[in-house]
Amino acid sequence: MKINKKKKIINKKHILSAIKIYKSPFWMYDYKKIKEKIFQLKKFDIIRFAQKSCSNIHILKIMKKYGTKIDAVSLGEIERALKAGFKGNCNDIVYTSDIIENETLKKVIKYNIPVNIGSIDMIKKIGKKSKNHKIWLRINPRFGDGHNKKTNTGGKNSKHGIWNIKKAINLIKKYNLKLIGLHMHIGSGANYFHLKKVCNSMIKQAILINKKINFISAGGGLTIPYKIHEKEINIKNYFKIWNKSKKIIEKKLKCSIKLEIEPGRFLVAESGILISQIQSIKKVKNRIFVLVNVGFNDLIRPVLYGSYHYISILPIDNRKINYSNTINVIIGGPLCESGDIFTQKENSKIYTITLPIIKRGDYIIFHDVGAYGASMSSNYNSRPLIPEILFKDNNFIQIRRKQTIKEMLSLEI
């Protein structure tokens, strides 16, 4: 099994042991890696986990244990956070959205959860129901960035955030809401050039609003090295740029402010692998397709974004792998869908990867899938959700069992 050594993830022995217990396919997370990533961000005043990236309650409990707060983007995510032990009536949970549905509003009011507001209509709706409610403003800085146009969350083509800040402030005053923080996020995978633009925009907007606030949020989007040649982000430099901006805002507004960071991918992506098994190796003209027992219903990122995931193999018979004897293959899944291909780019162009000689029954391992892997999976083609396993202290903990077909059909019977 050829693994990029810098990833320092669950090893071959661990995976083989887990396969004996849980069979394939399943997700697997490294507890130690998640803890390590949390502590890399401890310079920030508050780490707020974007749970949409990996919303399993047991993962949320790890976050809570090591002092992170939670960002929830739906009623279901609020319920998950409460189930994991996060509390209402404090700063544990912030609800972030561009709309707020009636049931969600009731829950937010009941637990006095601060709301990160992304639209003018949200201000009106909350203001009419909950006077003095604590709110953040999610500001659209009128530009965006990201590794993919679908992950761009700023500018005129983004639905996220408030464009007309002056109108928002007037409505906050009208409804007597309590503004406690400002939030900006322009997209996942943004670079340092855009980071400085965001920081400058945050300073400008804070001065323009001219209200004493408690928090500013650096948003999320921290990158991880998906490819072997990619470098890890310099967290010290990232913090330094944002902390400098925070101090300028504190001086201008004459108040003490806490700096939040809102990572999702950064905290969990590298902890996760997806273990699948080769079911068929078939030749189509001059191409070789390797078909495994997971599809884009399990891991959708390559299809949706053209995202790259490092792939390695684990022989079923423990034979020695000859890495000098290789073949070029396309990795696909079992779905009745032509697009069910894991080796494709953003433009849907299929590419091949080089693997040692493989055979049916060998295992294919997808790396760095802890973020937006299991949390984005679905029942497409009526395929049940697969198990999630946590590796902690050399033990395996099943944190989500395999869904049965009966359970999948139960909502319709």
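Trainee: In which loop does Asn210 lie?
Mentor: Asn210 lies in the loop between α8 and β8 (215-217). Helices (H or I, at least four residues) and strands (E, at least two) are DSSP runs, numbered from the N terminus. Please keep in mind that this is a predicted model, in which local features need pLDDT of at least 70 and side-chain atom pairs count only at pLDDT 80 or more, while totals for chains, interfaces and linings use all residues. Residues are numbered from 1 along each chain as its sequence is written, and side-chain values use heavy atoms, with hydrogens and water left out.

Trainee: What is the phi of Asn210, and is the residue buried or exposed?
Mentor: Its phi is near 55 degrees, a positive value in a residue other than glycine. Most residues other than glycine have a negative phi. Asn210 is exposed, as its relative accessible area is 55%. The cut-offs are under 20% relative accessible area for buried and over 50% for exposed, with partly exposed in between (1.4 Å probe, protein chains only).

Trainee: Where is Asn112 found, and what is its phi?
Mentor: Asn112 is found in the loop between α5 and β5 (115-117). It is not a glycine, yet its phi is positive, at about 50 degrees. With a relative accessible area of 33%, Asn112 is partly exposed.

Trainee: Which residues does a cis peptide bond join?
Mentor: Ser24 and Pro25 are joined by a cis peptide bond, with omega about 10 degrees. Pro25 has its place in the loop between α1 (12-22) and β1 (26-30). Most peptide bonds are trans.

Trainee: Turning to helix packing, at what angle do α6 and α7 pack?
Mentor: Helix α6 (residues 120-129) and helix α7 (residues 165-174) pack at an angle of about 0 degrees, and their axes are 10 Å apart. That makes α6 roughly parallel to α7. Axes here are lines fitted to C-alpha atoms, for helices over the stretch in contact, and angles run from 0 to 180 degrees between N-to-C directions. Angles under 35 degrees count as roughly parallel, over 145 as roughly antiparallel, 65 to 115 as roughly perpendicular and the rest as oblique.

Trainee: Which residues meet there?
Mentor: From α6, Ile120, Ile123 and Lys124 meet Lys167, Ala168, Leu171 and Ile172 of α7. Contact means heavy atoms within 4.5 Å. By class, the contact of α6 with α7 has 5 nonpolar, no polar and 2 charged residues. For these classes, Ala, Val, Leu, Ile, Met, Phe, Trp, Tyr, Cys and Pro count as nonpolar, Asp, Glu, Lys and Arg as charged, and the others, Gly among them, as polar.

Trainee: Is Gly127 buried or exposed?
Mentor: Gly127, which lies in helix α6, is buried, with a relative accessible area of 0%. Leaving aside neighbours within four places in sequence, Gly127 is in contact with Tyr175 and Leu177.

Trainee: How do α4 and α5 cross?
Mentor: The axes of helix α4 (residues 75-83) and helix α5 (residues 102-110) cross at roughly 30 degrees and come within 9 Å. Leu75, Ile78, Glu79 and Leu82 in α4 meet Glu103, Thr104, Lys107 and Val108 in α5. By class, this contact of α4 with α5 has 4 nonpolar, 1 polar and 3 charged residues.

Trainee: What caps the N-terminal end of α9?
Mentor: Asn234 does, with a side-chain oxygen 3.2 Å from the backbone nitrogen of Lys236. Among the buried residues of α9 are Tyr238, Trp242 and Glu250. Just after α9, Lys254 takes a positive phi of about 55 degrees.

Trainee: Finally, which side chain does Glu270 join in a polar contact?
Mentor: The side chains of Glu270 and Lys37 are joined by a polar contact of 2.8 Å. A polar contact is a pair of N or O atoms within 3.5 Å; within protein, one must be able to donate a hydrogen and the other to accept it, and residues adjacent in sequence count only if both atoms are side-chain atoms. Glu270 lies in the loop between α10 (265-268) and β10 (272-284) and is buried, with a relative accessible area of 5%.

Trainee: What does the side chain of Ser271 reach?
Mentor: It reaches the backbone oxygen of Val268 at 2.7 Å. Ser271 counts as buried, at 1% relative accessibility.
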